[in-house]
Protein chains: 2
Amino acid sequence: MSRAWTLVSRPKGSPTMENFALRETPDQPLNDGEIRVANSFFSVDPYMRPRMDEGEDSYIAPFALNAPMTGAAVGRVVETRSDRFKVGDRVSHFLGWRDRATLRAEDALSLPDGELKDESFLDVLGAIGMTAYFGLFDVAEAKPGDVVFVSAAAGAVGSLVVQIAKLRGMTVIGSAGGTEKCDFVRGLGADHVIDYKSPGPFEDKLRAAAPDGLDVYFDNVGGEQLDAAMGIANRDARFAICGMIGMYNSDAPIGFSNLFRVISKRLQIRGFINSDFMARRSECLAQMGYWVSKGLIQSRYTTFEGLESGPEAFFSLFSGGNTGKALVHVGG
Amino acid sequence: MSRAWTLVSRPKGSPTMENFALRETPDQPLNDGEIRVANSFFSVDPYMRPRMDEGEDSYIAPFALNAPMTGAAVGRVVETRSDRFKVGDRVSHFLGWRDRATLRAEDALSLPDGELKDESFLDVLGAIGMTAYFGLFDVAEAKPGDVVFVSAAAGAVGSLVVQIAKLRGMTVIGSAGGTEKCDFVRGLGADHVIDYKSPGPFEDKLRAAAPDGLDVYFDNVGGEQLDAAMGIANRDARFAICGMIGMYNSDAPIGFSNLFRVISKRLQIRGFINSDFMARRSECLAQMGYWVSKGLIQSRYTTFEGLESGPEAFFSLFSGGNTGKALVHVGG
């Protein structure tokens with residue numbers, strides 16, 4: 001038997017337990033070319049929220065109703081009808097939100113054995129790493145000496161951006177909510193940390209942290225922090241728009257007061273998704289793998305125990321209830 | 001004697017006659033290296049509105065109070081203490097809003113004699129031409145086959161963008177306000193014209209005009225039309241942000257509902273100003289000059305007669321009272 005979380009209704013605003021159901025299905029015999037994987041971990045991510053809506057505006061197609069949800073997962077092959085994999089091989093794939101996955105062998109990525117933990121491949125050596133690396137260095141064209149502002153800097157992507165920006169000689173300002181998260185970001189090496197929950201306009205706090213302005217903004221939240229970044233951006237600043245978690249659960253228009261500075265400061269604003277850079281994955285793995293192997297990158301994820309905790313892990317992304325990436329440990 | 005329009009108070013919201021005064025000053029003898037120019041035309045432009053505010057967010061410094069305002073002008077040299085120019089030479093310079101200008105010779109640009117009219121050098125062969133040319137081809141990276149949306153398409157820049165986009169094999173959608181302006185834009189060769197004053201959400205009208213989406217948006221207005229363009233933009237669309245005339249007279253935040261698509265569609269949004277491309281002016285003049293000489297570019301400007309009409313000409317930019325660039329004819 002395999003168990004999987006299915007979406008049973010589309011959330012209005014913030015998702016609730018009523019939108020999800022854990023369903024059990026018998027394992028069918030494998031077809032030729034298929035493998036079965038016992039997942040050890042799967043990942044829950046902000047981008048899944050728009051997938052729960054109808055419509056075609058998400059990065060990828062909406063989740064179907066009454067079908068298992070999907071997402072990044074890591075596990076070991078337990079059954080195989082493909083010569084690409086043998087039982088015991090470590091793989092990553094995209095059939096998360098479940099304890100056992102049946103998939104075509106070509107949809108699984110072979111992972112090296114060795115001391116690196118399963119979790120790393122869902123984290124700094126997975127999509128998170130691609131997002132931070134290509135977003136910062138390619139989309140935002142960040143270079144040594146730049147003043148870089150990173151929002152949601154205690155989050156999965158943000159905390160990695162802070163570290164790799166420091167590793168490349170940049171001045172880094174991070175924002176996070178609450179003392180604990182701010183301390184975490186400071187511990188990552190950020191030069192200045194802003195608690196966005198502290199009183200007062202965010203733009204004033206950002207200006208105080210960056211008296212010489214910003215050259216790069218790595219945007220994980222949109223809204224007020226994006227507007228503030230436009231307000232203090234230097235001439236020719238580059239904005240990499242990675243996520244707008246603050247905007248996913250609302251249909252209300254977002255107000256901007258500083259948009260005019262797109263012209264006066266010649267801002268360049270680009271949206272991106274890590275998969276845009278899939279063809280250059282090995283470049284990212286080479287650099288990030290080196291930094292990880294040298295102990296130069298810390299990663300702090302929140303692990304939720306058991307398949308049952310999937311929705312709770314997902315909700316925590318929106319309530320500010322965890323630091324770093326949220327993973328669900330389903331076995332192994 | 002020379003007469004010049006001075007700014008006597010900073011407008012709150014929309015400017016009024018009370019903000020301006022026409023002042024007369026005696027001509028001082030020229031210093032060595034100076035010339036005196038009798039202006040034939042000067043230009044009034046939307047970018048002058050933020051120059052009337054205090055603060056450092058305009059492209060260029062704010063106008064000083066109680067001093068003559070400035071801007072593009074064309075005229076003939078009437079007095080010279082420089083060997084760069086002789087009496088009768090045609091020049092362009094930046095001391096508009098007045099009938100006679102005294103300036104250093106190196107601040108004047110020599111213009112060819114010949115059949116081209118004085119007005120052209122304030123229009124398709126001046127800053128307007130640079131803005132349209134570099135905005136479309138460089139900032140927005142527009143190429144043959146692209147679907148291009150141009151807002152304020154009856155305006156000075158917009159009407160030129162429509163034409164050069166057609167000359168380069170693009171599908172062009174223009175927006176303008178009212179039947180007369182829309183007919184004008186259609187006459188320029190636009191494939192679809194949207195009357196933004198007609199009832200209904202602008203995004204619906206844009207979607208109907210561009211059923212296959214947009215590859216390029218040349219933005220002259222910001223606000224609702226910018227949001228709508230984000231709403232129907234194709235993957236990897238490029239936005240050249242040239243002006244936000246609808247946003248200059250208001251401090252209220254502008255609401256956006258489609259900003260999330262910056263990520264999902266990997267939009268690239270870049271602000272620019274024509275002077276960014278000053279070093280490549282000859283490239284633009286070569287191409288635009290060719291098109292003008294072949295009669296392939298129409299230009300329709302509104303001429304206001306007499307120096308006294310300066311403020312009225314300027315107000316007309318914001319009331320939608322004219323089509324194309326607004327010029328003030330001061331003599332010659």
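**Exercise 1. Find the loop that holds N66(A), state how accessible N66(A) is, and list what N66(A) touches.**

Step 1. N66(A) sits in the loop between α1 and β4 (73-80) of chain A. Helices (H or I, at least four residues) and strands (E, at least two) are DSSP runs, numbered from the N terminus.

Step 2. With a relative accessible area of 47%, N66(A) is partly exposed. Buried means under 20% relative accessible area, exposed over 50%, and partly exposed in between (1.4 Å probe, protein chains only).

Step 3. Contact means heavy atoms within 4.5 Å. Leaving aside neighbours within four places in sequence, N66(A) is in contact with T6(A), L7(A), V8(A) and R23(A).

Step 4. For a sense of distance, take C182(A), 116 residues away from N66(A) along the chain: the two C-alpha atoms are separated by 39 Å.

A note before going on: this is a predicted model, in which local features need pLDDT of at least 70 and side-chain atom pairs count only at pLDDT 80 or more, while totals for chains, interfaces and linings use all residues. Residues are numbered from 1 along each chain as its sequence is written, chains are lettered from A and ligands numbered from 1 in the order in which they are written, and side-chain values use heavy atoms, with hydrogens and water left out.

**Exercise 2. Work out how chain A is divided and how far apart the C-alpha centres of its domains lie.**

Step 1. Domain 1 of chain A covers 2-122 + 300-329, and domain 2 covers 127-275. These bounds come from an automatic or database domain assignment.

Step 2. Between the C-alpha centres of domain 1 and domain 2 of chain A there are 29 Å.

**Exercise 3. Trace the salt bridge of K325(A) and D45(A), then look at those of R238(A) with D146(A) and D45(B) with K325(B).**

Step 1. Start with the criterion: a salt bridge is a side-chain nitrogen of Lys or Arg within 4 Å of a carboxyl oxygen of Asp or Glu. Over all chains, the structure holds 42 of them.

Step 2. In chain A, K325(A) and D45(A) meet through their side chains at 2.4 Å, N to O. K325(A) lies in the loop between α9 (310-319) and β16 (326-329) of chain A and D45(A) in the loop between β3 (34-44) and α1 (48-51) of chain A, so this pair ties together parts that are 280 residues apart in sequence. K325(A) is buried, and so is D45(A).

Step 3. R238(A) and D146(A) form a salt bridge at 2.9 Å, N to O. Because R238(A) lies in strand β12 (residues 233-241) of chain A and D146(A) in the loop between α2 (127-139) and β8 (147-150) of chain A, the pair ties together parts that are 92 residues apart in sequence. Both R238(A) and D146(A) are buried.

Step 4. Over in chain B, the side chains of D45(B) and K325(B) meet at 2.4 Å, N to O, and both residues are buried.

Step 5. Finally, a network of salt bridges links R235(A), D236(A), R266(A) and D276(B).

**Exercise 4. Name the residues that touch the most other members of the largest nonpolar core.**

Step 1. A nonpolar core is a set of buried Ala, Val, Leu, Ile, Met, Phe, Trp, Tyr and Cys residues joined through side-chain atoms within 4.5 Å.

Step 2. The largest nonpolar core has 58 residues, of which L206(A), F239(A), L206(B) and F239(B) touch the most other members.

Step 3. Apart from that core lies another, of 50 residues, including F121(B), V161(B), C182(B) and V216(B).

Step 4. Now zoom in on F239(B): not counting residues up to four places away in sequence, F239(B) touches Y217(B), L226(B), A229(B), M230(B), A233(B), L267(B), Q268(B), I269(B) and R270(B).

**Exercise 5. Decide whether Q163(B) is buried or exposed, and find what Q163(B) touches.**

Step 1. Q163(B) belongs to helix α3 (residues 156-167) of chain B.

Step 2. Its relative accessible area is 4%, so Q163(B) is buried.

Step 3. Not counting residues up to four places away in sequence, Q163(B) touches L188(B), L296(B), I297(B) and Q298(B).

**Exercise 6. Locate A152(A) and E141(B), and give the phi of each.**

Step 1. A152(A) has a positive phi of about 50° although it is not a glycine. A152(A) lies in the loop between β8 and α3 (156-167) of chain A and, at 26% relative accessibility, counts as partly exposed.

Step 2. E141(B), also a residue other than glycine, has a positive phi near 50°. E141(B) is in the loop between α2 (127-139) and β8 (147-150) of chain B, and is partly exposed at 39% relative accessible area.
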